[in-house]
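These are my notebook entries from a first look around a structure.

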Amino acid sequence: MKSLVIIPAYNEEKSIEKTVADIHTNAPDFDYIIVNDCSTDGTRALCEEHHLNVLHLPVNLGIGGAVQTGYAYADKNGYDIAVQFDGDGQHDAAFLQKMQAYLVQEQADMVIGSRFIRKEGFQSSGIRRIGIQYFSNLICFLTGNRITDPTSGMRMANRKVIQLFMESYPKDYPEPESVVTILKKEMKVMEYPVIMRERTEGTSSISPVKSVYYMIKVTLAIFMEKIRRV
Amino acid sequence: MMIKLQIVAGLILLLALLWIVNMIRRRKLELKYALSWMTAIILMLIVDIFPPILSVISYCFGIATPVNTLFLLGFIFSLALLFTLTVIVSRLSDKVRQLSQAAAMNEKEIRELKDMLKNQED
């Protein structure tokens, strides 16, 4: 089984090497691809210097477009499984193999790494948790499936989902919305308990000002996804 | 007084139309996207030449002064045009995304081929 780790990177020069090393050591069966989303720092030079496996986007597409590039790469190179993995040191590669075993065992189409099943590790700040809980409830209300961590950026997909995401993927704040897409197609989404760290480098893509936009946009997107024809 | 205004407005409209046609001729403007502007200018010319049209529309909709009908129509037209632009921007941004993704994949392949060639030479 060929598995790929997709690492979207925007200005992650300080942590990208560590992330790749983490995957090499703790998930040696996984290939990786860095999607450099037109970083303005030394990410590009660093990747070239260390001969990392990298795709350089010529213009900044945002997280959605970057991750989608990774899925397109996965599809083109015949990967059976692709997993999104943050380049900022939040995610722990030690969970990748377990997530994959779980996906195969449960015959799931997607496995989300959830912080909130065992409630271990970094649990995000209080206000963010309220937001995450809200999306979890909204998705449960609309689809009948309880996803405890719908905003998790650590998500593993099988071929079916890879192809679906390659076709269409939300541009910004894609996680909760795309979970609804998958659920609406009656695909099986499972969650696996993971421990996340507090980010070591960089800042969240969601600043306080943007969070209002985030809540409104994602709520609308979820409703749109609900009324969209399959 | 009215006739003076009609002539001035008509001239401005004609100039605008000529300008647009010239830009299309010099390929600075895509005919496809200029069409709505050209239609609008021609409609405005018709109204300018036959002002009673405006009075008739005003009467039908119960608008007291014809000039308000003009403003209303102009406003509706502007909104419609802005909306088509939003649609076009959505479509373009999707195309840019697809192009960038394809370019990134190609660039990676070129880089790898170059590396292979270099290794062969060494």
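**Entry 1: ground rules**

I am working with a predicted model, in which local features need pLDDT of at least 70, side-chain atom pairs count only at pLDDT 80 or more, and totals for chains, interfaces and linings use all residues. Residues are numbered from 1 along each chain as its sequence is written, chains are lettered from A and ligands numbered from 1 in the order in which they are written, and side-chain values use heavy atoms, with hydrogens and water left out.

**Entry 2: where chain B meets chain A**

I began with contact, which means heavy atoms within 4.5 Å. By that rule, 15 residues of chain B and 19 residues of chain A take part.

Next I looked up the buried area, meaning the accessible area (1.4 Å probe) that two parts lose on being put together, summed over both. Chain B and chain A bury about 1,300 Å² between them, and carbon and sulfur atoms give 58% of that. On the chain B side, the residues that lose the most area to chain A are Arg97(B), Met105(B) and Lys108(B), together 40% of what that side buries.

How many salt bridges are there between chain B and chain A? I found four, a salt bridge being a side-chain nitrogen of Lys or Arg within 4 Å of a carboxyl oxygen of Asp or Glu. One salt bridge joins Glu48(A) to Arg111(B), with the closest N and O atoms 3.6 Å apart.

Sorted by class, the side of chain B that touches chain A has four nonpolar, three polar and eight charged residues. Here Ala, Val, Leu, Ile, Met, Phe, Trp, Tyr, Cys and Pro count as nonpolar, Asp, Glu, Lys and Arg as charged, and the others, Gly among them, as polar.

**Entry 3: two domains in chain B**

Chain B is assigned domain 1 (1-50) and domain 2 (65-122), with bounds that come from an automatic or database domain assignment. Their centres, taken over C-alpha atoms, are 29 Å apart.

Six residues of domain 1 of chain B are in contact with five of domain 2. The two domains bury about 410 Å² between them, 84% of it on carbon and sulfur atoms. Tyr33(B), Ser36(B) and Trp37(B) supply 64% of what domain 1 buries here, more than any other three residues.

**Entry 4: salt bridges**

Over all chains, the structure holds 15 salt bridges. One of them pairs Asp22(A) with Arg197(A), the closest N and O atoms being 3.9 Å apart. Asp22(A) sits in helix 1 (residues 16-26) of chain A and Arg197(A) in the loop between strand 7 (189-193) and helix 8 (208-227), 175 residues apart. Helices (H or I, at least four residues) and strands (E, at least two) are DSSP runs, numbered from the N terminus.

Is Asp22(A) buried or exposed? It counts as buried, at 13% relative accessibility, while Arg197(A) is partly exposed at 37%. Buried means under 20% relative accessible area, exposed over 50%, and partly exposed in between (1.4 Å probe, protein chains only).

Lys217(A) forms a salt bridge with Glu177(A), the closest N and O atoms being 3.5 Å apart. Lys217(A) lies in helix 8 and Glu177(A) in helix 7 (residues 175-184) of chain A, so the pair ties together parts 40 residues apart in sequence. Glu177(A) is buried, at 10%. Salt bridges that share partners also join Arg44(A), Glu48(A), Glu107(B) and Arg111(B) into one network.

**Entry 5: two buried residues**

I found Asp149(A) in the loop between helix 5 (126-143) and strand 6 (155-158) of chain A. Asp149(A) is buried, with a relative accessible area of 0%.

Thr19(A) belongs to helix 1 of chain A and is buried at 4%. A polar atom of its side chain lies 2.9 Å from the backbone oxygen of Ser15(A).

Note on methods: Polar contact = N/O pair within 3.5 Å; in protein donor to acceptor, adjacent residues only side chain to side chain.
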